[in-house]
Amino acid sequence: VLDLMPYWLLLYNRDWNDTLTEDRIVTWDFHKYVKPECGRKIYDYLDTDLYDVVEPVVGAISGIAELKRLPSARVIFATMSSVQHSCRLINKFNCLVRYGLLGEDENENFVAIKDKSLLRGEFLIDDRWENLVDFAGIRILKVKPWSDPYRDNKWRVTRTWREIVNVVIKQF
């Protein structure tokens, strides 16, 4: 829903004098694509003001609004974050509120969870294939360079939110 990569890479490239682009990050192990002297420090950017400036993925706002209008639909934002990164959770939540994807009083529609197979719902949309594997409902893989190894996966959709909405409407 939120397009972290442009600003995240802007900060990294500026600070480490690099030219890394999103298309060169082809697994979830982002630290493998940065300069060795940066390594796992790449994840420190997630605890900065990143969520103050990121924007939603193109089509996400209108797509989610359309999904929320479906009869009996409830959209839950499930994100991975640990207790030691509780500020990151607050920043994510506030970012979703800022763009109108969540209301300030919708805490019940925002969940921090590592094992997304524990979620109960009809659909799970994620750009990490591993989060979809054990989910019991319909799995939709949002295509990003790091999900390309799974391009033949039956859950894959294109990069657009329009196609995601179409898949949900068709099944709903």
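Contact here means heavy atoms within 4.5 Å. The model is predicted, so local features need pLDDT of at least 70, side-chain atom pairs count only at pLDDT 80 or more, and totals for chains, interfaces and linings use all residues. Residues are numbered from 1 along each chain as its sequence is written, and side-chain values use heavy atoms, with hydrogens and water left out.

**Exercise 1.** Work out which elements cover the buried residues of α1.

*Solution.* Start with the element: helices (H or I, at least four residues) and strands (E, at least two) are DSSP runs, numbered from the N terminus. Helix α1 spans residues 5-16. Next, pick its buried residues (under 20% relative accessible area, 1.4 Å probe, protein chains only): Met5, Trp8, Leu9, Leu11, Tyr12 and Asn13. Their cover includes β1 (2-3) and α2 (50-53).

**Exercise 2.** Classify the ring pair Trp28 and Phe30.

*Solution.* Rings of Phe, Tyr and Trp (its six-membered ring) pair if their centres lie within 6.5 Å; planes under 30 degrees apart are stacked, over 60 edge-to-face, the rest tilted. The structure holds three aromatic pairs. For Trp28 and Phe30, the centres are 5.6 Å apart and the planes at 10°, so this pair is stacked. Phe30 is buried at 6%, while Trp28, at 31%, is partly exposed (the class between 20% and over 50%).

**Exercise 3.** Do likewise for Phe93 and Phe110.

*Solution.* Their centres sit 5.3 Å apart with planes at 75°, so call the pair edge-to-face. Phe93 lies in helix α4 (residues 86-98) and Phe110 in strand β4 (residues 110-112), 17 residues apart.

Notes. The expected span of a helix is 1.5 Å times one less than its number of residues.
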